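Student: I have a model open and would like to learn how to read its features. Could you walk me through it?

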Amino acid sequence: MADSSFGALVPSVVKTEGFAAAPSASDTTVAGVAVEVNGGAVAEMEGRSSGEMDRELLCPICMGVIKDAFLTSCGHSFCYMCIVTHLNNKNDCPCCSHYLTKSHLYPNFLLDKVLKKLSARQIAKTATPIEHLKFALQQGGCDMSIKELDSIITLLAEKKRKMEQQESETNMQILLVFLHCLRKQKMDELNEIQMDLQYIKEDINSVERQRTELYRAKERYSMKLRMLMDDNTPPLPSSARWGPHSSDKQSGVFLSNNNNSRAGSCSGSGLIQSQSQSQLKSQFGQRRENVNGSDGAGPGPAQSGSVMAKKRRVQQQFNELQEYYLQRRRVAAKREERDLSLCNERYNAGLEDFQSVLNTFTRYSRLRVIAELRHGDIFHSANIVSSIEFNRDDEFFATAGVSKRIKVFEFSTVVNEPTEVHCPVVEMATRSKLSCLSWNKYSKNIISSSDYEGIVTVWDVNTRQSVMEYEEHEKRAWSVDFSRTEPSMLVSGSDDCKVKIWCTKQESSVINIDMKANICSVKYNPGSSMYIAVGSADHNIHYYDLRNTSQPVHLFGGHKKAVSYVKFLSTNELASASTDSTLRLWDVKDNYSLTRTFRGHKNEKNFVGLSVNNEYLTCGSETNEVYVYHKAISKPAASHRFVSSEIDEQDDDVASYFISAVCWKSESPTMLTANSQGTIKVLVLAA
């Protein structure tokens, strides 16, 4: 603070030994002058702006409003504790650096009085009436009679009563609003339950009618079968009707026991009858099996066991099935309301959809191994299979991984000729480790690959030579995919945060999409070459229209970690896998929403594979297991743990094995699976 803050008449102090010993008469005179000067400054401070006045009332040491003001011999004011603490360490003024000791400090009573008045005025400006009243009562300067005090108390009591009443009314109003909202919610839930019960009642009637029709058809077929058997059976001869002839008894054709004679067959007409019955049974056997619902699985007890197993599977996933049934039924009902032509007197569309899901879901309960082969050789430790894919006609499948080789196997040979070692029909060496494969959907001899050096290569399997090599990616390329509708187009994604669209007729990329995070997976929509899905390390799926790549059509968010795979079940359904140990199913047509989340497998750091078909999703797990999910159920429908005789139980690396690649065979319950040990298994869904 400047020396002129409290007047320019404050004398400067000369540093002498005698002055420091004790205050002299001149010191007292200085203090008196300072008080007078400060008294004159009070009026000036009251007329200044509040901002300037506030600055002058701050202690130069603590920068707060001065408390217990003390004045120095050099004319500066400080908080008493602030200046004393300072003088314990240094003997100078914090403002002007003049020599100063504790003996040169004087109470500034006038400044304290001014500060108190200013504080009172500040309170008066901002305080509420209650605070004014409290302040007046606390000061004790408010003269008030007992009668006046009783009047104030009465007013306060009345005010309190009114406030309590108002608060009670407000609370009642809030409670009433809550109860009305609760009633509305419960009424909506009741209406929804009543509608669901109506749907269930209608569906029960529909199913009962269907069962009745099936039963009647069964009876008609049975009756027709009996009539045809009766018409084609010739009448028995008299010897057969009245018993054996005496000559037959003598010739020993029939035994003397009457029961044995009835159980025996006639040599003439009995043979004809047996042949006729055999022909009829052969003719109508298949029809009877169809009517009875038999699929040739075995006799009655076996069929009963199968039915019980299906019922158990339904009970285990009852809540999931219930949710799916109600969802499909409500959607179908809304569609029927909008379009009456969709109404079906026999079967509701939602019920048909659910029945199809139920039949598919209860058909399988486990995975069965039908073939197994080793991808690498015993002298090569790098056997991880990064990708495994069927070709267009499912006749061959190709594998690739860290062994730097693309191997093509014939599927029928692997399945039908169980041997310990299967040799590939084609083998192509690459310069770097491979991350992904994609067969061309039009030319079954064309396959593309992406590798750890960022190179995307198109191969001709027949000639075992590369057709095109694209080297624009600056880092590892994780994914590549051919378009189904435009066979010359393919897409790739890389750690360089770029998605590139290639054409096999050109030597450079035709479209480039720059993104902000690493690309883990790319996939064309099977119904259009204009749309691609991109799984990114930013935890999102970016859905692009290639006609405008400035921004995605939609950003699917929900995964908590990087999205490692994206696959299309259909043109409208997209599945994604993430290292947050979940799979997610998305709607990419109507409302771009999350349909279902699948949990059960473990995936926290590795690429474990993802493959889909129309009904099922399958993925690997870091527990060395394969999991299969039905798209309508969020829990696993079946699983299989990889166990190989070549694994040493005492091997420390056993716990680190994981599934690294999976692939469905088209329109089939069969799949290919591979793990980080290099073991490939052919699995099939079984009851």
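Tutor: Start with strand E6 (residues 396-401): 5 of its 6 residues are buried, so the strand is largely enclosed by the rest of the structure. Buried means under 20% relative accessible area, exposed means over 50%, and partly exposed lies in between (1.4 Å probe, protein chains only). Helices (H or I, at least four residues) and strands (E, at least two) are DSSP runs, numbered from the N terminus.

Student: What should I know about the model itself?

Tutor: The model is predicted, so local features need pLDDT of at least 70 and side-chain atom pairs count only at pLDDT 80 or more, while totals for chains, interfaces and linings use all residues. Residues are numbered from 1 along each chain as its sequence is written, and side-chain values use heavy atoms, with hydrogens and water left out.

Student: Which strands pair with E6, and in which sense?

Tutor: The general idea is that strands of a sheet pair through backbone hydrogen bonds, either parallel or antiparallel. Two strands count as paired if DSSP finds at least two bridges between them. Here, strand E5 (residues 385-390) runs antiparallel to E6, joined by 5 bridges, and Ser-387 stands opposite Ala-400 in E6. E6 also pairs with strand E7 (residues 405-410), again in the antiparallel sense, over 4 bridges; the bridge partner of Thr-399 in E7 is Lys-407.

Student: Which residues in these hairpins take a positive phi?

Tutor: In the hairpin of E5 and E6, with 5 residues between the strands, Asp-394 has a positive phi near 60°. The hairpin of E6 and E7 has 3 residues between its strands, and Lys-404 in the turn has a positive phi of about 65°.

Student: How many residues lie between the strands of the E17 and E18 hairpin?

Tutor: That hairpin has 6 residues between E17 and E18. Strand E17 (residues 519-524) and strand E18 (residues 531-536) pair in the antiparallel sense over 5 bridges, with Ile-519 opposite Ser-536 in E18. E17 is mostly covered, with 6 of its 6 residues buried.

Student: How do I read the packing of two helices?

Tutor: Two packed helices are described by the angle between their axes and the distance between the axes. The axes of H13 and helix H14 (residues 349-363) come within 7 Å and cross at roughly 155°. That makes H13 roughly antiparallel to H14 (angles under 35 degrees count as roughly parallel, over 145 as roughly antiparallel, 65 to 115 as roughly perpendicular and the rest as oblique). Gln-322 is in helix H13 (residues 318-338), and at 39% relative accessibility Gln-322 counts as partly exposed. Gln-322 and Phe-354 are 32 residues apart in sequence and 9.7 Å apart in space, C-alpha to C-alpha.

Student: And how many aromatic pairs are there in the whole structure?

Tutor: A search of the whole structure finds 17 aromatic pairs. One of them joins Phe-556 and Tyr-592: the ring centres are 6.1 Å apart and the planes are at 50°, so the pair is tilted. Rings of Phe, Tyr and Trp (its six-membered ring) pair if their centres lie within 6.5 Å; planes under 30 degrees apart count as stacked, over 60 as edge-to-face and the rest as tilted.

Student: Are Phe-556 and Tyr-592 buried or partly exposed?

Tutor: Phe-556 counts as buried at 1% relative accessibility, whereas Tyr-592 counts as partly exposed at 26%. Both belong to a cluster linked by ring pairs, together with Tyr-531, Tyr-543, Phe-568 and Trp-586.

Note on methods: Axes are lines fitted to C-alpha atoms, for helices over the stretch in contact, and angles run from 0 to 180 degrees between N-to-C directions.
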